[in-house]
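Please consult the sequence and the structure alongside the text.

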Amino acid sequence: MDKGISKPVVRQNATHDNVLRSLADLTRRQLLQLLLTEELNVSQLVTIVGQPQSTISRHLKVLRECGLVKDRRLGTTVFYRAHAQALDESDLRTVLLAWLQDQPLPRTMRERLARALQQRSDDSVAFFERLGQRWDELRSSAFGEAFGIEALISLLPNEWTVADIGAGTGFLLQILAEHFRRVVAVEPASTMLECARRRIAERGHRNVEFHRGDLNRLPLGDACCDLAIACLVLHHVQDPAAALAEVHRILRPSGSVLIVEQHGHENQQFYDAMQDLWWGFDPEDLTEKVRESGFEIIARRNLMSPSTAPRDMDAPQLFVISARRSATGNVSGGLAG
Ligand SMILES: C[S@@+](CC[C@H](N)C(=O)[O-])C[C@H]1O[C@@H](n2cnc3c(N)ncnc32)[C@H](O)[C@@H]1O
């Protein structure tokens, strides 16, 4: 006799007996029908089936023991659902569950189920109604501030090489490193570069290269990046047009640049505190410079509306310019194409 076959058959028969016995009971069949439709907790099942909690719990225990139902704890509540997907197609349970799915439930039960589901969604809306403005605080204390950017970045191809120029302490780097295959950080201040390096090491990323250098002469080869980011950097550079030419040089022919900058302002205190070289930029003027440096503008818009973002120091409003290297590669003003 083939020992490899005989044992599972005995076990399978035992399982079949249990399954058939458990489904011989009408309430258990109805519970299973409900749990094929929705994930429900005991108190919902008590209301829908109209039987005491002890009876429902006992039936659920039987269904769970023969692998027809799975449970999941959420805080103090346990939710149940039918174990349909996880089973083998040839398993008796799969066949019976498929059959049960086609059996009609009594109308009263269907109506109570619909009411229970409506109540669940009403409870959720009521929670947020009560929460109102406090959601902002809860959101950032639970999930932080950056997850929105992290999620949106997933729209971009991860095989890109991305340069963060003037990377500072690596706030953006940590997000870029999560997604892109290769990230290059360029930063002239050694203390900032060290902070960035540590931040990235702590997160265990190995796809970030660090270069001490600046925008006037980037320590990178020609056409090696798909995206260059200059976030709050151009106003620290003596000659923004020359810097843009450098960015153009390191980008592949279809590469893009993302510039975040400050609007022009007259806030002496802010200017002094930030050691800026420029009092921000007029977005129109900077856009024109970007265009003259051989880019096609993709978008330009203001960031961080003052009414929605709490800001200290009366900092100037920010804007973003995104642009792509022109297909022709022509650069006006005598810059290399
Ligand atoms: C306002 S911080 C922004 C840092 C970072 N991009 C961010 O968004 O957190 C400006 C950064 O630009 C760097 N920087 C200053 N002059 C630069 C230059 N000529 N080329 C490249 N980076 C420069 C500074 O050292 C600093 O790290």
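Helices H2 and H5 are roughly perpendicular to each other, a term applied to angles of 65 to 115 degrees. The angle between H2 (residues 26-37) and H5 (residues 92-101) is about 85°, and their axes lie 9 Å apart. Axes are lines fitted to C-alpha atoms over the stretch in contact, with angles running from 0 to 180 degrees between N-to-C directions; helices are DSSP runs of H or I with at least four residues, numbered from the N terminus.

The model is predicted: local features need pLDDT of at least 70 and side-chain atom pairs pLDDT 80 or more, whereas totals for chains, interfaces and linings use all residues. Residues are numbered from 1 along each chain as its sequence is written, and side-chain values use heavy atoms, without hydrogens and water.

On the H2 side, Arg-29, Leu-32, Gln-33 and Leu-36 meet Leu-97, Trp-99, Leu-100 and Gln-101 of H5, contact meaning heavy atoms within 4.5 Å. By class, this contact comprises five nonpolar, two polar and one charged residues. Ala, Val, Leu, Ile, Met, Phe, Trp, Tyr, Cys and Pro count as nonpolar, Asp, Glu, Lys and Arg as charged, and the others, Gly among them, as polar.

Turning to the ligand, 14 residues surround it, the closest being Gly-166, Glu-187, Asp-214, Leu-215 and Cys-231; a heavy atom within 4 Å is required. The shell divides into nine nonpolar, three polar and two charged residues. A side-chain N or O atom of Glu-187 is 2.5 Å from a ligand oxygen atom. A polar backbone atom of Leu-215 lies 2.9 Å from a ligand nitrogen atom.

Key:
Helix = DSSP H or I, 4+ residues; strand = E, 2+ residues; numbered from the N terminus. Parallel < 35°, antiparallel > 145°, perpendicular 65-115°, else oblique. Polar contact = N/O pair within 3.5 Å; in protein donor to acceptor, adjacent residues only side chain to side chain.
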